[in-house]
Amino acid sequence: MSDPTPMAAATPWPRPISPVLNFAPELLLAAQGVRAAIFDVDGCLTDGRIYIGEHGESVKAFSTLDGHGIKLLARAGIEPVVITGRDTPAVRRRCADLGIVHAFHGIHDKLAAAERVLALLGLGWHELAVIGDDWPDLPLMVRCALACAPAQAHAEVRAAAHHVTAVPGGQGAAREFCDLLLCASGRYASLLAGHLATLDGATA
């Protein structure tokens with residue numbers, strides 16, 4: 001009698017893929033030594049809209065593309081940092097879900113917070129990248145090695161940025177920022193290739 005149990009199909013060998021992203025050489029050069037990246041939240045990790053109900057602010061929408069990019073940064077040895085002017089349970093939960101250790105909430109003086117985190121990490125401004133969308137982010141953006149702004153950022157912020165993303169905040173802008181840093185670090189291609197064999201299984 002034949003065994004009715006079907007045999008598992010062999011996992012096919014993945015076809016090779018080559019990275020398609022390209023960034024300007026001057027951007028890659030500026031970002032080469034970056035070891036930490038600061039993210040603003042409203043307008044960068046979200047679309048900037050604030051939903052306020054009768055019980056106060058309750059929800060924010062985040063992009064899973066951005067979330068996975070932040071986790072990839074950490075795997076590449078680039079420390080993700082959040083500095084935000086607002087303090088909400090939704091942002092605290094998102095930071096915890098992504099494993100962001102250094103998160104500063106309700107910050108009015110972002111420059112002081114950035115200097116604090118650089119001291120904690122033992123890094124200098126030349127090892128820092130920043131993505132921001134409004135005037136409170138400018139003190140960081142004009143000091144760091146690489147400054148990025150989402151497509152919808154304020155005009156003064158876009159003018160101060162080394163790179164303006166192709167998409168708005170909350171719609172993959174932070175992922176583009178992460179991809180740029182990963183390309184500059186030389187880790188982008190290997191991280192991409194690693195995903196052909198396995199996924200980490202964690203929610204982005």
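Glu-127 is buried, at a relative accessible area of 14% (buried means under 20%, exposed over 50% and partly exposed in between, using a 1.4 Å probe and protein chains only). Keep in mind that this is a predicted model, where local features need pLDDT of at least 70, side-chain atom pairs count only at pLDDT 80 or more, and totals for chains, interfaces and linings use all residues. Residues are numbered from 1 along each chain as its sequence is written, and side-chain values use heavy atoms, with hydrogens and water left out.

So who does Glu-127 pair with? Glu-127 makes a salt bridge with Arg-35, with 3.4 Å between the closest N and O atoms (a salt bridge puts a side-chain nitrogen of Lys or Arg within 4 Å of a carboxyl oxygen of Asp or Glu). Arg-35 sits in the loop between α1 (25-31) and β1 (36-39), and Glu-127 in the loop between α4 (110-121) and β6 (128-131), so this pair ties together parts 92 residues apart in sequence. Arg-35 itself is partly exposed, at 45% relative accessibility. The helices (H or I, at least four residues) and strands (E, at least two) are DSSP runs, numbered from the N terminus.

Next, look at Asp-40 and Lys-110, a salt bridge with its closest N and O atoms 2.9 Å apart. Asp-40 is in the loop between β1 and β2 (52-53) while Lys-110 is in helix α4, so parts 70 residues apart in sequence get tied together. Both Asp-40 and Lys-110 are buried.

For a local pair, go to helix α7 (residues 173-185), where Asp-179 and Arg-175 lie 4 residues apart, about one turn of the helix. Their salt bridge brings the closest N and O atoms to 3.2 Å, and both residues are buried.
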